[in-house]
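Here is a short report on one model. It covers the ligand shell, a helix pair and a nonpolar core.

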Amino acid sequence: MPSAESVGVAGRAALALVLALVLGACGGDEDDPVARGEAIARDVGCIACHDAGTTTRIGPGWADTWGEEVPLEGGGTAVVDEAYLRRSVTDPTAEVREGFPPSMPRVPLADEEIDDVTAYLRHLAGG
Ligand code: HEC
């Protein structure tokens, strides 16, 4: 039967281990544009309208969107790439994907944040 004190020590050791793992994971995120991009998409609310998979929410799911040529409202097409993402975020009504409401908001992201979100979306589409 372990004494109450030894349980306390084991508990604290376990807590320290969990903390080390959590902090380690966060440290790793800072070096990984994909993880940063995912955090940005979550923090600024993109994922309220965009599923990371293929499900259509208010906007198209991201997994089957990146790199695709999509039809635009009013005719023409656009390839969903970094330049298109940049336009979608800074001037959302300039090009609206056919069949969707023009409800993509203007999101004030810094250039580096757009780079990170780009890395994340590219990652979701498989590279
Ligand atoms: C209020 C809902 C909403 C939010 C929040 C939102 N979007 Fe959108 N998004 C849409 C809709 C609707 C479309 C399709 C219409 C269009 O092209 O404007 C779209 C289109 C896009 C497209 C073009 C994809 C395609 O297939 O045409 C990209 C890329 C995109 N969003 C990225 C983002 C990113 C990154 C964020 C966060 C910074 C974000 N969106 C936040 C609703 C939203």
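The shell around the ligand has 21 nonpolar, six polar and one charged residues. Here Ala, Val, Leu, Ile, Met, Phe, Trp, Tyr, Cys and Pro count as nonpolar, Asp, Glu, Lys and Arg as charged, and the others, Gly among them, as polar. The model is predicted: local features need pLDDT of at least 70, side-chain atom pairs count only at pLDDT 80 or more, and totals for chains, interfaces and linings use all residues. Residues are numbered from 1 along each chain as its sequence is written.

In total, 28 residues surround the ligand, each with its C-beta atom, placed from the backbone, within 6 Å of it. The closest are Cys-46, Cys-49, Gly-59, Arg-97 and Met-104. Helix α3 (residues 82-90) gives the most to this shell, with three residues. Helices are DSSP runs (H or I, at least four residues), numbered from the N terminus.

Helices α2 and α4 pack against each other.

| Helix pair | Residues | Angle | Axis distance |
|---|---|---|---|
| α2 and α4 | 33-43 and 111-124 | about 105° | 7 Å |

Axes are lines fitted to C-alpha atoms over the stretch in contact, and angles run from 0 to 180 degrees between N-to-C directions. The two helices are therefore roughly perpendicular (65 to 115 degrees).

The largest nonpolar core has nine residues, including Ala-41, Trp-62, Val-117 and Tyr-120. Such a core joins buried Ala, Val, Leu, Ile, Met, Phe, Trp, Tyr and Cys residues through C-beta atoms within 7 Å; buried means 20 or more other C-beta atoms within 10 Å of a residue's own. Helix α4 gives the most to this core, with four residues.

Methods. Parallel < 35°, antiparallel > 145°, perpendicular 65-115°, else oblique. Buried ≥ 20, exposed ≤ 12 C-beta atoms within 10 Å, placed from the backbone.
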